[in-house]
Every structure is written in C-alpha cells, then in structure tokens.
Amino acid sequence: MTARPREGLRDMTPYVSPQLDVAARLNTNESPHPLPPGFFEELAKVVRDLPLHRYPDGAATRLREELGAVHGLPAAAVWAANGSNEVLQTLLLAYGGPERRAITFEPTYSLHGRLCWSTHTDRIRGGLPSDFVLGDPQIDEARAARPDIVFVCSPNNPTGNAQPIGAIRGLAEALPDALLIVDEAYAEFSDAPSATGLLGDLRNLAVVRTFSKAYAMAGARIGYALTSPAIVEDLGRVRLPYHLSALTQAAGICALHHRPAARALLASIRVERDRIAAELTTIPGCVVYPSDANFVLFVPPGDARELWRGLLDRGVLVRDMSDAVPNALRVTAGSEHETDLFLKALRECLPA
C-alpha cells in the first residue's frame, strides 16, 4: 500500500541551493562574516536562562516590540516568523488559496511562485522589461489581471536592482483590494528608498525583511513583515501554534542589540560587491547588471554553464541563473579573500 500525494507534487523538484565544501561558496547570498564575539557572548547568557521546558511566547512580543522600535512602528504592525520564507508563506495562507491569484513580475525570486503553488494560489506571470525596472506597463498589466496578491522583489533577486518607489506606490493604489507584498530581503545593501516609507499611507502593503543577510543570521532563520495591524491580526489566524522558538526569538533580540556591528559588516560587503562589478566590466563582451543587493548578476562571454563548471573546478561556487536570465551567473559578494579567489578563477577560465 502506498500513500498518494497531492496531484502534481512529484513533478516538483525541491528548492535546493548546493552546499558544497569549496574554498569560496558564493551562490546563496549569505554574509561572509559572522557578528562579533560580543553577540555570541550575550546570546549564550540569554540561552542559559531560557525556560525551554515551557512553550515560547506565541506572539513573539518582545522581538516584535524591538523590531518596531528599530523601524518606528508599534509592535502591532510587526510580524515575525522562521525566515522571510515563512513570512511569505503565511501571507499566502491568509490572502491566497484556492480561487485566488497572485501576480509576479519575472525574472524574480523563484520561491514566490513555488509558495503560490504550495498554497493552491493561482499565479499570473507578469514580465519585467529588459532593464528589469517596474513601470507603468507592469501597473497596467497588474490592473488588468485583477490579482488578490502582488509580489514585488526590491532589490530584485536575481537581477539586483531596486524598484522605483513610485511604481510600488502605483501598484498599491491601482489595486486597493489586493495585498502588495514587497520582498526587501536585500534592502539594507541599497541606498534606494524603502517601501516602509509608504506604510503610513497604504493599508494593503506588507514589507518583508530578513535577518539572514543584513544581520549575518542565515542559520538562525528569522524574518519579519512590517505592515498594518489588521494584516498582522490575519496572520495570527493562520500561523502554527508557538511557531517561533524561544531560541530563535532570543537570537533575534540579541542581534538587534548589535546593529552597529551589523552595519559595519554591510559596508565591507558593499565594497566587495562594487569591486566585483568593476572587475567584470573590464571583461570584453561581459554584461554586468547594476546591483543594490549583496550580489552581482552578469552574462559572461561564452557559455555560462561551462564557466560555472570551470569556477567550481577551481573551488569557487556561484549560482547559475540561466533559467531566469539567459546565460547569466550570479555571484555573492563575499569576503575580500573570497572575491580574490573568484576573480583569479574567472581570469583562468576566460580566454585571454
């Protein structure tokens, strides 16, 4: 006897990013630097006193209060979960589902579409222009599609560009009954205006952030949404009981206490991002896309898959994004040493 899964499940492949033992793992947009020892010392003290025999605070009250203080919002306008991915999934559970639909603008973060599928939300694939920048055509396309949810990724993954704040506002105003989700996983690396500045005017907006990049906490799995209190209340109706562990909440609170150190890490990562982009632009025939994130998307001369393999053979793992942008690779801005390894391997792989 064999249990029968839902229709189409086994046609889906798992969402997997290779985690290989290489000298420079530059494929998953993690921070190359941990927070300083003071963070771990504080966290160790807090963890020793946690009553782990009791359930955690189901509302993550203190974490939400401290996040609200950082962003100038009340705790009632903040939602926290296990990584931004769970935040996105919970938003879809509350506002998507059967006979409801979402629109994404491609190319963009592929998990948005996968989460639509897993929550039985129909997805409409909108398109971005050649420069990947949202504008009036996308607003018109969304208005015609009449979705219940609109996804915008800014800075966009995998292209790296921040989206104009006017276009984000235009989408929210054109579709007042739809939920506009702005995924700002990489916002801290950008000088562009954040959609959080629109929260006072727009009640159908949810801005999603993560600790994985800006706080060097990918292993802790903490994400959050900044939105209206009404949307937060709806998320509470579909969340799992005690969904955010006491350990995770403690890690998030401690990380917020070390924001200056996190900002210093951001500055060093931006230096390496800009160095990568500058070096790539010197390669004849290489197309380099401007980045507001902690990675650079580029189209190399020659075959991207062959270059990906050549880099891996030299101990450098980048992300092949050819399925999203033809013949494109994406490289994370790592440490200075990792950037050196990437550039050296790249020169060895490309013809002189």
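Tutor: Helices (H or I, at least four residues) and strands (E, at least two) are DSSP runs, numbered from the N terminus. This is a predicted model, in which local features need pLDDT of at least 70 and side-chain atom pairs count only at pLDDT 80 or more, while totals for chains, interfaces and linings use all residues. Residues are numbered from 1 along each chain as its sequence is written, and side-chain values use heavy atoms, with hydrogens and water left out.

Student: What is the form of the peptide bond from glutamate 106 to proline 107?

Tutor: Most residues other than glycine have a negative phi, and most peptide bonds are trans. The bond from glutamate 106 to proline 107 is cis, its omega being near 0 degrees. Another cis bond runs from asparagine 157 to proline 158, with omega near 25 degrees. Proline 158 sits in the loop between β5 (149-153) and α6 (165-174).

Student: Where does threonine 196 lie, and which residues does it touch?

Tutor: Threonine 196 is in the loop between β6 (179-183) and β7 (205-210). A contact means heavy atoms within 4.5 Å. Leaving aside residues up to four places away in sequence, threonine 196 touches Glu184, Val207, Arg209 and Leu226. Its relative accessible area is 25%, so threonine 196 is partly exposed. From threonine 196 to arginine 100 there are 96 residues in sequence and 26 Å in space, C-alpha to C-alpha.

Student: In what order do the four strands of the open sheet follow one another?

Tutor: Strands of a sheet pair through backbone hydrogen bonds, either parallel or antiparallel. Two strands count as paired if DSSP finds at least two bridges between them. Here the order is β9-β10-β13-β12, and the pairing is antiparallel. The edges are β9 (287-288) and β12 (319-320), each of which pairs on one side only. Two bridges join β9 to β10 (residues 295-299), and valine 288 has phenylalanine 298 in β10 as its bridge partner.

Student: Why does the radius of gyration agree with a compact globule?

Tutor: The radius of gyration is taken over C-alpha atoms, and the globule rule is 2.2 Å times the number of residues to the power 0.38. For 352 residues a compact globule would have a radius near 20 Å, and the protein agrees because its value is 21 Å. The C-alpha atoms fill a box of roughly 60 × 55 × 55 Å along the principal axes. In the protein, 52% of the 352 residues count as buried. Among contacts with a separation of 6 or more, 74% join residues 24 or more positions apart.

Student: How many helices and strands does the protein have?

Tutor: The secondary structure comes to 11 helices and 13 strands.

Technical notes. Buried < 20%, exposed > 50% of the residue type's maximum accessible area, 1.4 Å probe, protein only.
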